[in-house]
Amino acid sequence: MGEPFKNFLNLESIGKVALDIQAVYEPFLVDGFLEATLDASWEGLELKDRIYRVAKTLGEFLPADYEAALGVIDKVVMNYGNWLQGLCCFFPVFVELYGQDEKDLDLSIAALARYTPYASSEFAIRPFILKHEDRMMAEMYAWAKHDDECVRRLASEGCRPQLPWGLSIPSLKKDPSPILPILEQLKTDPSLHVRKSVANNLNDISKTHPDLVMQIAKDWYGKHEHTDWIVKHACRTLLKKGNRDALALFGYDDVASVAVEGFALERAAISIGEDLVFSFTLISQEATKARLEYGIDYVKSSGKRSRKVFKVSEVALKENEKKVYTRRHSCADVSVRKHYPGIHSVALIVNGVERGTLDFELLSGQNGDG
């Protein structure tokens with residue numbers, strides 16, 4: 001496992017920022033800023049809390065005049081690579097924390113667009129949408145035509161209804177229609193980063209408005225290679241849920257022509273930390289396409305079950321073709337999933353239809369022998 005990203009925000013990296021600020025704003029107290037930022041509680045802070053700590057402390061040491069403080073940031077922000085590296089991610093958060101007053105709105109909107117190539121403003125912009133939705137959606141529509149791909153990406157990413165780790169925007173979850181003109185502008189964007197954002201935005205929308213996304217998907221699909229990619233990526237949640245319209249759009253609606261044999265577990269009991277191994281044979285009676293998935297019904301801490309679906313592959317099959325599959329699935333604890341002992345199950349899914357379910361016992365011991 002790689003180094004946690006939060007550890008890249010440390011005395012060395014933040015100290016460099018502090019020295020760069022002092023170089024263009026002599027009154028900046030480097031030692032005082034670092035002492036206030038990296039206090040005794042720093043090591044216990046997660047990434048988001050560290051970012052907000054740096055941004056808040058900047059506000060205590062930069063000029064009290066907001067416009068003057070932005071002028072200082074403008075002189076140093078470009079020293080830290082691009083938004084993919086994210087080592088100055090606290091600058092947009094500074095705007096979020098100190099720039100929400102009505103009198104500062106124009107300054108803040110322009111700053112978020114300026115800073116997003118160096119540190120994506122997608123999270124910082126969301127409080128502004130909550131307070132000034134009509135104004136901000138109009139700004140993002142204009143940004144969708146911007147020369148800089150990072151600003152175009154912000155137009156889509158910033159207004160995602162369910163942006164992970166971002167503030168929720170209930171009005172856009174309820175009615176995503178203000179987002180659609182922005183996505184229309186970006187659907188054939190030359191930048192892959194922008195197209196990924198468009199797809200992720202539509203995927204968010206599909207969780208609450210599946211029929212709307214399917215309508216868009218049918219309208220866009222087959223018109224351009226970029227929109228074809230976007231539509232497929234945007235429908236990933238619908239496909240995992242077995243949405244028949246989504247499966248049919250991509251040719252994965254044939255259930256009758258595909259048979260499954262020999263679905264079996266290597267072992268019916270394994271320990272937490274080991275791999276679940278299962279195999280099956282796919283047999284096509286006619287030439288067809290198959291989307292193969294499996295679902296794990298996890299036992300939760302409450303004793304209830306919750307299913308997570310995983311993709312195996314998408315294949316084109318010839319008439320009377322046989323394909324044998326063996327799949328390994330890790331049951332080790334990770335940051336996003338903790339495993340609990342009990343009877344779990346694995347379900348094989350072909351073209352959105354469950355074709356068999358097998359129970360297995362997950363043990364808390366060191367091996368699967370009991």
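**View 1. Inside the largest nonpolar core.** In this predicted model, the largest nonpolar core brings together 79 residues. If you want to find the ones with the most contacts inside that core, look for Phe28, Leu58, Phe90, Phe91 and Met140. Take Phe90: skipping its neighbours within four places in sequence, Phe90 is in contact with Leu9, Val17, Ile51, Val54, Ala55 and Leu58. Another core, of 23 residues, lies apart from the largest one. Among its members are Phe310, Tyr325, Val350 and Leu362.

**View 2. An open sheet of three strands.** Follow the order S1-S3-S6 here, with antiparallel pairing. Strand S1 (258-265) and strand S6 (322-330) each have a single partner strand, so one side of each is left without a neighbour in the sheet. From one strand to the next, the twist averages 20°.

**View 3. Zooming in on S1 and S3.** Six bridges link S1 with strand S3 (residues 275-284), and the two pair in the antiparallel sense. In general, strands of a sheet pair through backbone hydrogen bonds, either parallel or antiparallel.

**View 4. An open sheet of five strands.** This one reads S2-S8-S7-S4-S5, and its pairing is mixed. On average, neighbouring strands here are turned by 30° against each other, direction ignored.

**View 5. Where S4 meets S7.** Strand S4 (residues 288-299) and strand S7 (residues 342-350) run antiparallel, joined by six bridges. Look for Asp297, which stands opposite Ser345 in S7.

Key
Residues numbered from 1 in each chain as written. Predicted model: local features only at pLDDT ≥ 70, side-chain atom pairs only at ≥ 80, totals over all residues. Heavy atoms only, no water. Core = buried A, V, L, I, M, F, W, Y, C linked by side-chain atoms within 4.5 Å. Buried < 20%, exposed > 50% of the residue type's maximum accessible area, 1.4 Å probe, protein only. Contact = heavy atoms within 4.5 Å. Pairing = 2+ DSSP bridges. Helix = DSSP H or I, 4+ residues; strand = E, 2+ residues; numbered from the N terminus. Axes fitted to C-alpha atoms, helices over the stretch in contact; angles between N-to-C directions.
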